[in-house]
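Here is a short report on one protein chain. Please look over the sequence and the structure before reading on.

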Amino acid sequence: MAKRDYYEVLGITKTASQDELKKSYRKLAMQFHPDRNPGNKEAEDKFKEAAEAYEVLSDPDKRAKYDRFGHQAFQAGGGSGFGPQGFSDINDIFSAFGDIFGGGNSPFDDFFGGGGRQRGGRSRSTGEPGSDLKLRLSLTLEEVATGVEKKLKLKKFIRCEPCSGNGAEKGSDHSTCTTCNGAGEVRQVQKSVFGQFVNITACSTCSGTGKTIKNPCKSCKGEGRIQGETTVKVNIPAGVSNGNYLTLRNQGNSGRRGGADGDLIILIEEERHSIFTREGNDILCDVEISIPEAILGTEIEISTLTGKAKLKIDSGTQSGKLLRFRQKGIPEYGSNRVGDQIIRVNVFIPKTLDSKEKDLIKQMEHLDGFLPEQARPGKPGLFSRMKNVFS
Ligand SMILES: [Zn+2]
Ligand SMILES: [Zn+2]
């Protein structure tokens, strides 16, 4: 497949400023971010394509070369070290464009988690950090549409109150760990073909605290944490999708002996809806009307994500017609756009009729108004028109 023009990929003109370039790239990167499009190969390709275009056009030197020679400027013998294969790993993209996303993390760090996730403010000097907790959260489409506050009950390690998490019985002293001499870490020198590596690991004797406990706390046996239950309040914004995840800092397992808390990672799952199907930010549904309603027109009551609404059916509505309720769909996350509700109107054709009903239908059979267009008197029929084509 031919490579698309970089300007076209980013939807900008050749004279676009660095600011416009950045803005446009950021928008595309958000739209096609793999976390927002789980399992969508096309989105991933678009994401990489945009990243590649941005990589070239954001560098004045490369941009000048590209303007003169096009894609050929970067294809000579792989010497440029850059090609579509350069970004086989999504994480590479985040490390390459740290500047645009700020701090080297993904723009979705807060909400969607993401490639280069790092823990902010976690210090190494205390005990062993707690592990992250992951859980799945099922949401109805209604909840997705409006956003929702959820209270989640969790079983996890929580800080031991009596010893404030340090693991020592009240009044008992800590003494310096003899394994690491109070450093909390152990250095090991490893030799490899690339030279020597110094491997630093947390001291296992003191769990990285540098101190050992003379008199361990009775309620936690010196662990500084106990198994417990807590309730976490989470605000889910409107417009999330299946596969998105939300990271709540320091809401995971408490660390050992005062170690930092892990994160709580919530994976969003969308429940199947009995009426609606979601397609992007639009929701689709079917309604059935009777033959007389289709012919004469009517007003029916239908369900929306936010309650009932009246829908006008024009006279002469054909089966399969799509009607649209503007902005009755799902709000787009991070923007003020709202999707639509699309209603497919189906005309119900009965299969069983009693003899009286059949008689009524038979009377309609030969009425001019009930004949298909081309079968009406005075109009050339479908077959005679076809004959004209062949003669
Ligand atoms: Zn304790
Ligand atoms: Zn130690």
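## Overall make-up

How many helices and strands are there in the protein chain? The chain has ten helices and 15 strands. The model is a predicted one.

The protein chain holds 391 residues, and 27% of them count as buried.

## Nonpolar cores

The largest nonpolar core has 15 residues. Leu10, Tyr25, Ala50, Ala53, Tyr54 and Leu57 touch the most other members. H3 supplies the largest share, six residues. In soluble globular proteins, nonpolar side chains tend to be buried together.

Alanine 50 shows these contacts in detail. Leaving aside neighbours within four places in sequence, alanine 50 is in contact with Val9, Leu10, Tyr25, Leu28, Ala29 and Phe32. Another core, of ten residues, lies apart from the largest one. Among its members are Val144, Ile283, Ile330 and Tyr333.

## Serine 138

Serine 138 sits in strand E1 (residues 133–139). Is serine 138 buried or exposed? Serine 138 counts as exposed because it has 11 C-beta neighbours inside 10 Å, and the cut-off for exposed is 12 or fewer.

Which residues does serine 138 contact, leaving aside its neighbours within four places in sequence? They are Glu269 and Glu271. Glutamate 270 is 132 residues from serine 138 along the chain, yet their C-alpha atoms are separated by 5.7 Å.

How values were computed:
Residues are numbered from 1 along each chain as its sequence is written. Chains are lettered from A and ligands numbered from 1 in the order in which they are written. This is a predicted model: local features need pLDDT of at least 70, side-chain atom pairs count only at pLDDT 80 or more; totals for chains, interfaces and linings use all residues. A nonpolar core is a set of buried Ala, Val, Leu, Ile, Met, Phe, Trp, Tyr and Cys residues joined through C-beta atoms within 7 Å. A residue is buried if 20 or more other C-beta atoms lie within 10 Å of its own, exposed if 12 or fewer, and partly exposed in between; C-beta atoms are placed from the backbone. Helices (H or I, at least four residues) and strands (E, at least two) are DSSP runs, numbered from the N terminus. Two residues are in contact if their C-beta atoms, placed from the backbone, lie within 7 Å.
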